[in-house]
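Good morning, colleagues, and thank you for the time on today's agenda. Please have the sequence and the three-dimensional view open while I speak.

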Protein chains: 2
Amino acid sequence: MPPTYPRLSSHLEQTNTDGYLIEADGDDSNQYYLSGYHAPDDFVTLYADGDVSLLVSGLEYTRAKADSDTDAVRQLSEFDYWEKAEKMDPRNARKLVTADFLADAGIESVTVPASFPTSTADVLRDQGIDVVWDEEYVLTAVRAVKSEREIAHIEETQRANEEAMAVAEDLLERAAVEDGVLHLDNEVLTSEAVRERIEIALLEQECGMSDCIVASGAAAARGHDSGSGPLEANAPIIIDIFPRHKRTRYFADMTRTFVKGEPSDRIEEWYELAHEAYEAALATLQAGVSGEAVDDAVCDVFEAEGYPTLRTDRSTTDGFNHSTGHGVGLDVHEAPHLAQQGEELEAGHVVTVEPGLYEQGTGGVRIEDLLVVTDDGYENLTEYPTDLRVV
Amino acid sequence: MPPTYPRLSSHLEQTNTDGYLIEADGDDSNQYYLSGYHAPDDFVTLYADGDVSLLVSGLEYTRAKADSDTDAVRQLSEFDYWEKAEKMDPRNARKLVTADFLADAGIESVTVPASFPTSTADVLRDQGIDVVWDEEYVLTAVRAVKSEREIAHIEETQRANEEAMAVAEDLLERAAVEDGVLHLDNEVLTSEAVRERIEIALLEQECGMSDCIVASGAAAARGHDSGSGPLEANAPIIIDIFPRHKRTRYFADMTRTFVKGEPSDRIEEWYELAHEAYEAALATLQAGVSGEAVDDAVCDVFEAEGYPTLRTDRSTTDGFNHSTGHGVGLDVHEAPHLAQQGEELEAGHVVTVEPGLYEQGTGGVRIEDLLVVTDDGYENLTEYPTDLRVV
C-alpha cells in the first residue's frame, strides 16, 4: 500500500495544479521519496489525485514494477518513444514522451520542485502544459516529517555511525604521542588514515560516506575543512561522521571532540560551554517551538560568556560560527533549520543539535547528536557519551 | 591559468547568448568541469567572453578563491543577499542575487544546461534575462574530449580498479566449491562479501564506488542487477567495477568474467564470441568513425552467429542486450555513445568497449576495457588479461 501525502494534495488544490511532477534520477531525494524507486538513470514521477505513477525506460520497467511503491508504471515505448527518437536527440524525445504521458493522465498543469530541469519545463510548456515551480518547497516540508519506518532507518544508520566513531576513538586511544603528534604502529597517525578506517567500519555495516571530518588544530575551526595530515596531541580533534545506509538510503549524523593527552583549561572551558549550550537546546526542543528559538537558546549561552555568534555577527568566523542544527533524512542537510529564521518544529522532525566554539588559527570543539522532535520534547537517537573524550 | 573552451564560445556566438550559466552543487559534473571547484552546496558558474566567474556563499568564498580554476569569485553579500533574505525565503533570495550578478557582468541572455533548475530560470526571466536551454548539449560534447591531464586522472583510477579486480580474483581463486556454490573461510562466499572487499581495496587507493556488479547465474543476465547471495561454481561470474577517484573525481570502468571450476562448452563459446566482438570493436575504433560504426562491428559478430542484438530487436533481453560502450569522465556514463545513432568519435574521447552475451534465466559473459580514441586508433588504458578468467 503506497503512502499518501495529504499535505501535498492540499498544496496542489491551493495552487490549482493537477499534479506534482518530478524528473530526476533515483539519487534525487524528492524522486526517491515519492517513488520508492532508486535508479541510476532519469525517470519521471507524477503525484496526482492521491496516487503516484512512474514513467521509465524499457530497461527499468520490470525492476520499477517490482521495487517501486506503485503498480502504476508506464514505459517510454507506450508513447511512441522509438519513433520520436529516430527524428531527434533521444534525450529530447523523452521530454515529448513526458508530455504525452501527462496528457494521457489528463494532466494539464503541474507543480514541479525548484530543481526540475528547465529543458523539460520548457518542452512541456511548448506542449501546452502549465508548469509552476514549488516556491514554498512543500515536498521538502512533507519529507521533513518522518514516519516511524523512516525514524527506524535513521536510527539504524546512527548505530553504524556509533560503531565507526568507536573505531576512531580506539585508534586515538591506542596512539602514542611523539613530537606533539599522534603515532600508531610506528607511523604518524593522520586525518586521512582515521577517515579511511571510519569508512571501512561503515562499509562493514552496509553504510557509505562521501566524506567525514577528522580535523585537529586550526583545521577544526574551518567549517568545510575535512582535515588532513598528522593529528595533534593535547589539542581538540573534531570527528564529524554523516554516513548513509546503502539499503535504506537514510543518513545519520554525529560529532564528538577528542583530545589525545592533556586538554588545556581553555579547551575544557570551551567544551563545558558547548555542552551547556547543547543542554539548553535540548531543553527547548519540542513540537510547536521554532527552529529559531532553539538556536536562540544556544546563542544565549555563548553570548553570555562573550563569544560571538551568527546572531550577533553574521560573518563571524570565531565563536559559534554556524547554526544549531538541520534536518536529516534522505539528504544529510534538509528541513527544518535550527537557525535564525528557522521554521516551526513538528513532531517527527529529525534534527541535529550541534553547538560548537571555534577560534581561527587555534581550533574548535563541537558536540552533535541526532534527535526526533516529539509533542513534549524529543527522543535522542544517539547513544555515545557526550563528554570531551580525553583518550 | 584557467582553461578556455573555444567550442563553448562559438556555441554562444551561434546561439547569440552572452554567457553559459550553471547553478548546481559541486557534485554536478558540468559545474565541477567549468569551475574546478567542488562544494557540497549550490553555487553559480558563468562562462562569458572566454572567462569563468563564480558566485558563492560567504561560507565558501575563501575556499572557492583558493581551490577553483578562477580568481573571479564573487559572494552573495556583494549583491545585498542578507537584505533580500530578510524579506523572503533565503533560497529564493539567492535566485535574485544571481540576476544581479548577471546584470553586474553585463549579461542579458544565457544558455543553460538541460538540467538547469526551472526555479532559477523562471526568476531570471522575470528579471528580464533571456534563458535558453542547451538543446545541443554542447558542454557534454566539450567534456567528452579529454585533455592529457584528464586522461592521466582516468588512468590513475583504472589502475586502482585493476588492483580491486585482482583482490576479487584472488578471493574467487582461494574459494572452495561446496554444493555448487563458493565457500571461503568456512562461509558461503556471496556477491555482497566480494563487493565489500572490492570497495575496501578501492578505498585503500583513494577511490570510492557507489555500486559495482558481482553477479553469477541468472543475475548476470539482468543489466541493472548488482548480484546478491551465494556465488555459483562452474558458471560465469561477471564483475563490473566503476570507481571514482576521490581526489580527481574522475571515473574508470572495467568488466571481467570469471568461472570458478569448469566452464561449460557453451559459456566458452559465448566468451570467445564476445572476445571476437571486442577485437572487432577495437579494430574499428578511431577518430572520424562514428559510435554507430563501432557498435555495428560488434553486432555483426554476434548476429553472424545467430544471436539477437539491439540492432535487430530493440527490446531483446537475450543475446547482446546493450550497446557497445559509452564515454567515461567526471560521469561514469557520458558522451560519446558507442551505440546505434552514436555520434562521430574524436581524438581524446575516452570510451568503454564492452560486448557481452546473455540469456535470461541462465547468465552471461562480458569483457570491458577503457580506451582513448586517437587519430589512428586507440590507446588502451586497461592492463588486465582479457581472457575468461578460470580460477
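This is a predicted model: local features need pLDDT of at least 70, side-chain atom pairs count only at pLDDT 80 or more; totals for chains, interfaces and linings use all residues.

Let me begin with the overall picture of chain A. Chain A contains 11 helices and 22 strands. Along the principal axes, its C-alpha atoms fill a box of roughly 70 × 45 × 35 Å. Of the 391 residues in chain A, 58% are buried. As for contacts in chain A between residues at least 6 apart in sequence, 62% of them join residues at least 24 apart.

I turn now to a sheet in chain A. In what order do its six strands lie? The order is 4-3-2-1-5-6, and the six strands form an open sheet with mixed pairing. Strand 4, residues 73-75, and strand 6, residues 130-133, are the edge strands of chain A, each pairing on one side only. From one strand to the next, the twist averages 25°.

Strand 1 of chain A, residues 19-24, runs antiparallel to strand 2, residues 43-48, and five bridges join the two. Within that pair, A:Ala24 stands opposite A:Phe43. Strand 1 also pairs with strand 5 of chain A, here in the parallel sense and over two bridges. The bridge partner of A:Tyr20 in strand 5 is A:Thr111.

Strand 5 in turn runs parallel to strand 6 of chain A, with four bridges between them. In that pairing, A:Val112 has A:Trp133 of strand 6 as its bridge partner. Between these two strands the chain passes through helix 6, residues 118-126 of chain A, and this β-α-β crossover is right-handed.

Is strand 5 of chain A, residues 109-112, covered or uncovered on its faces? Both faces are covered: A:Ser109 and A:Thr111 are buried on one side, and A:Val110 and A:Val112 are buried on the other. In a regular strand, the side chains alternate between the two faces of the sheet.

The next element is helix 11 of chain A, residues 291-304. This helix has 14 residues and reaches 20 Å from its first C-alpha to its last, close to the 20 Å expected at 1.5 Å a residue. Its buried residues include A:Gly291, A:Val294, A:Val298, A:Val301 and A:Phe302. Two aspartates, A:Asp295 and A:Asp296, are also among the buried residues of this helix. In general, an α-helix has 3.6 residues a turn, so residues three or four places apart point the same way. What covers the buried residues of helix 11 of chain A? The cover includes helix 10 (265-284), strand 16 (334-338) and strand 18 (356-359) of chain A. Just after helix 11, A:Gly306 takes a positive phi of about 90°.

Let us move to chain B and its strand 14, residues 254-259. Six of the six residues in this strand are buried. On one side these are B:Met254, B:Arg256 and B:Phe258, and on the other B:Thr255, B:Thr257 and B:Val259. Strand 14 of chain B runs antiparallel to strand 12, residues 236-241, and six bridges join them. There, B:Ile241 stands opposite B:Met254. Strand 14 also pairs with strand 22 of chain B, residues 389-390, in the parallel sense over two bridges. In this case B:Val259 stands opposite B:Val390.

B:Ser191 lies in helix 9 of chain B, residues 191-203. Why does B:Ser191 count as buried? Its relative accessibility is 1%, and buried means under 20%. Leaving aside residues up to four places away in sequence, B:Ser191 touches B:Val214, B:Gly227, B:Ser228, B:Gly229 and B:Leu231. B:Ser191 and B:Val214 are 23 residues apart in sequence, yet 5.3 Å apart in space, C-alpha to C-alpha.

Finally, I come to the two copies. The same surface serves both copies, as 100% of the contact residues of chain B recur in chain A.

Terms used:
Residues are numbered from 1 along each chain as its sequence is written. Chains are lettered from A and ligands numbered from 1 in the order in which they are written. Side-chain values use heavy atoms; hydrogens and water are left out. Two strands pair if DSSP finds at least two bridges between them. Axes are lines fitted to C-alpha atoms, for helices over the stretch in contact, and angles run from 0 to 180 degrees between N-to-C directions. Buried means under 20% relative accessible area, exposed over 50%, partly exposed in between (1.4 Å probe, protein chains only). Contact means heavy atoms within 4.5 Å. The expected span of a helix is 1.5 Å times one less than its number of residues. A crossover is right-handed if, with the strands pointing away from the viewer, the path from the first strand over the helix to the second runs clockwise.
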